[in-house]
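Morning, everyone. Please have a look at the model first.

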Amino acid sequence: MGLQETMITRRAIFCVLLASATVVFLLLADNTSQYSSLQFYTKVPGQIFSTLTGNLTANTEKNDTDGLNILKVDTSGKCFSSVVKTECNGEVGNQISSYASLLYFQKKHGMQAVMRDWQVSTLAKVFQREKLQIITTTMDIPLQPGKKWEGIAMTTPMGAIFPREDFLQNINQYKDNKFIDIGTYPNYLFLYKEILSDLRGQLVCRVDMQGLVNQWMAEVEESEQFSGEIIYIGVHCRRTGYAHHLSVISNASLVDHHFFDRAFQIYRTRYNTPSTRVIFLAVSDELAWIKENFENHEDVRFGHDFSQGKVNESDLLSFDLCLLAACNHSIHTYGTYGQWGSLLAGGQVIAATGTNKEANSEADQINKRAAIHGWLFLDVRDLKNITEVSFAKH
């Protein structure tokens with residue numbers, strides 16, 4: 001539909017249909033007043049996921065240039081639940097954090113979360129798409145005259161992104177009739193930790209990847225020939241280009257083998273007993289480094305040794321994250337990918353802190369604000385005296 005002459009009413013019902021390829025604004029008349037011009041915007045219709053309804057007051061002003069009447073619409077009361085989005089263009093870990101942050105506002109505050117189709121397609125490389133519960137759309141909204149996306153995010157000097165405090169403190173004022181952009185790289189762990197059970201029910205690994213992970217764990221157990229229980233510790237080591245990110249964003253640096261040596265020993269002390277034994281399953285974006293630094297540990301196994309020849313290169317991120325999620329407990333350094341390996345596993349976590357020797361890094365600020373119980377941080381500022389830190393409030 002393009003520019004159309006239509007009959008509408010000054011007091012009307014406003015409907016927004018959100019679909020995979022459709023956003024439609026309708027003004028439904030119950031009595032008639034003639035307007036010479038009304039613009040509708042449509043794309044190929046798809047399945048309707050949600051209908052937002054409410055009252056609008058519609059007024060017109062004549063445009064002196066072309067003589068057409070311009071429709072102006074004001075909301076009255078609750079017209080629709082606010083729509084929340086993010087323009088995150090990052091990789092898998094960033095998209096998972098975006099999904100979780102959006103879902104928090106949908107679950108806890110009744111807002112309508114939307115993601116672009118390509119964002120959800122990134123998630124679907126790892127997870128079962130049919131279990132995701134955020135609407136996908138391929139076009140820009142709002143289309144309502146006078147409505148714009150309102151950004152509510154702020155960035156700390158160390159690069160951590162959080163919602164503005166005035167938004168959080170007055171969130172009831174944002175629940176209706178607004179289009180809210182929650183930021184480009186939202187990782188609101190301090191908020192979505194409240195809905196982790198929901199997230200684990202939606203972020204379910206692909207069946208084929210889960211089958212491969214189960215196969216490898218069975219092979220590990222057979223090779224160990226241990227009659228007791230094996231406790232799997234997922235290990236994610238983020239390196240390569242992340243060194244530049246840490247340096248530019250937080251003036252921080254990568255951890256070295258001292259962090260992992262200490263983390264390995266903590267888990268051995270906790271779980272190596274006559275009836276239980278730990279096995280570390282390690283993955284990284286820099287295989288050569290973990291091979292060089294972990295091979296002296298007899299209880300470390302490398303995901304690449306199994307996945308090579310069995311998993312397509314395009315599926316390695318999916319396999320690795322599925323592997324981390326299947327473990328009992330976790331070790332990660334920094335970054336959203338490793339964070340989600342730990343969150344989906346749902347056990348105890350050991351992570352790094354102190355990568356900036358003078359201040360709290362981006363990851364430190366996120367983790368301190370989240371203060372999750374069961375997460376232990378190793379402060380690596382002094383490698384000769386690595387200390388154990390908990391951010392959880394007792």
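Is the crossing of H8 and H9 left-handed or right-handed? It is right-handed.

Some ground rules. This is a predicted model, where local features need pLDDT of at least 70, side-chain atom pairs count only at pLDDT 80 or more, and totals for chains, interfaces and linings use all residues. Residues are numbered from 1 along each chain as its sequence is written, and side-chain values use heavy atoms, with hydrogens and water left out.

Helices (H or I, at least four residues) and strands (E, at least two) are DSSP runs, numbered from the N terminus.

Back to the helices. H8 spans residues 257–271 and H9 residues 287–294. Their axes come within 11 Å and cross at roughly 55 degrees. Therefore H8 is oblique to H9. Oblique is what remains after under 35 degrees (roughly parallel), over 145 (roughly antiparallel) and 65 to 115 (roughly perpendicular). Axes are lines fitted to C-alpha atoms, for helices over the stretch in contact, with angles from 0 to 180 degrees between N-to-C directions.

Who touches whom? His257, Phe260 and Phe264 in H8 meet Trp289, Asn293 and Phe294 in H9. Contact means heavy atoms within 4.5 Å.

Now the sheet. It is open, with seven strands in the order E16-E15-E14-E17-E18-E19-E20, and its pairing is mixed. Strands E16 (300–302) and E20 (387–389) are the edges, each pairing on one side only. Pairing takes at least two DSSP bridges between two strands.

Inside, E14 (residues 229–237) and E15 (residues 276–284) run parallel over nine bridges. His236 stands opposite Val283 in E15.

How values were computed
Left-handed = near helix turned anticlockwise from the far one by under 90°.
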